[in-house]
Amino acid sequence: MLIKDVLHGKGHDVVTVGAADRVSVALGKLAEHRIGALVVENQWMKLVGVFSERDFVNAVARGGAAVLGYEVRQVMSTSITSCRPSDRIDAALTTMTLAKVRHLPVIEDGELKGIVSIGDLVKHRLDEKELEASVLLDLSRLHR
């Protein structure tokens, strides 16, 4: 299975935040959309980072409650680990594990196509395994 299959099921919507927006605004978006990360864009709508719950926790550990007033650019992850729609799910999971990230922007030809989380990928794999088990069970019943 490929990343594009996951996006087909979950959609291509990506919640973004501006690099100059306050961390409090970013947290509001995370809570409103019940997600764990936002794609960060600059004033030209170019991907410049990812802001995740982990980024916030690390920033608060260093700077305390004052972090809420910081600009997102001050606490976001700027090293962007991404994948392509044509990548295999297992390859994306390996990438996430090695990079120690939970969210991957999906980029094709320099354009943001979506974002996948480790939860999205694990759910897709579990659904795939459940379908395989069901097919095998049906086949075994036919050959009795």
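The lining of the largest pocket divides by class into six nonpolar, seven polar and five charged residues. The model is a predicted one, and in it this largest pocket holds about 300 Å³ of space. Its lining consists of 18 residues, and those nearest the centre of the pocket are Ser52, Ser77, Lys100, Val101 and Arg102. Among the contributors to the largest pocket, α3 has the largest share, with four residues.

The second largest pocket has a volume of about 260 Å³. Here 13 residues form the lining, with Lys10, Asp13, Ile35, Ile115 and Asp120 lying nearest the centre. Strand β5 (residues 111-117) supplies three residues, the largest share of the lining of the second largest pocket. By class, the lining of this second pocket has six nonpolar, four polar and three charged residues.

Glutamate 41 belongs to strand β2 (residues 37-41). Is glutamate 41 buried or exposed, and which side chain of opposite charge is nearest? Glutamate 41 is buried, and the nearest such side chain is that of lysine 29, 8.0 Å away. A salt bridge needs a side-chain nitrogen of Lys or Arg within 4 Å of a carboxyl oxygen, and glutamate 41 has none. What surrounds glutamate 41, once its neighbours within four places in sequence are left aside, includes the run Thr16, Val17, Gly18 and Ala19. Lys46 and Val48 are also in contact with glutamate 41.

How values were computed:
Residues numbered from 1 in each chain as written. Predicted model: local features only at pLDDT ≥ 70, side-chain atom pairs only at ≥ 80, totals over all residues. Heavy atoms only, no water. 1 Å grid on protein atoms, 1.4 Å probe; cavity = no way out; pocket = protein on both sides within 12 Å on 5 of 7 lines; lining within 4 Å. Points joined across faces, edges and corners; volume = space filled by probe spheres on them. Helix = DSSP H or I, 4+ residues; strand = E, 2+ residues; numbered from the N terminus. Nonpolar A, V, L, I, M, F, W, Y, C, P; charged D, E, K, R; others polar. Buried < 20%, exposed > 50% of the residue type's maximum accessible area, 1.4 Å probe, protein only. Lys, Arg positive; Asp, Glu negative; His and termini not counted. Contact = heavy atoms within 4.5 Å.
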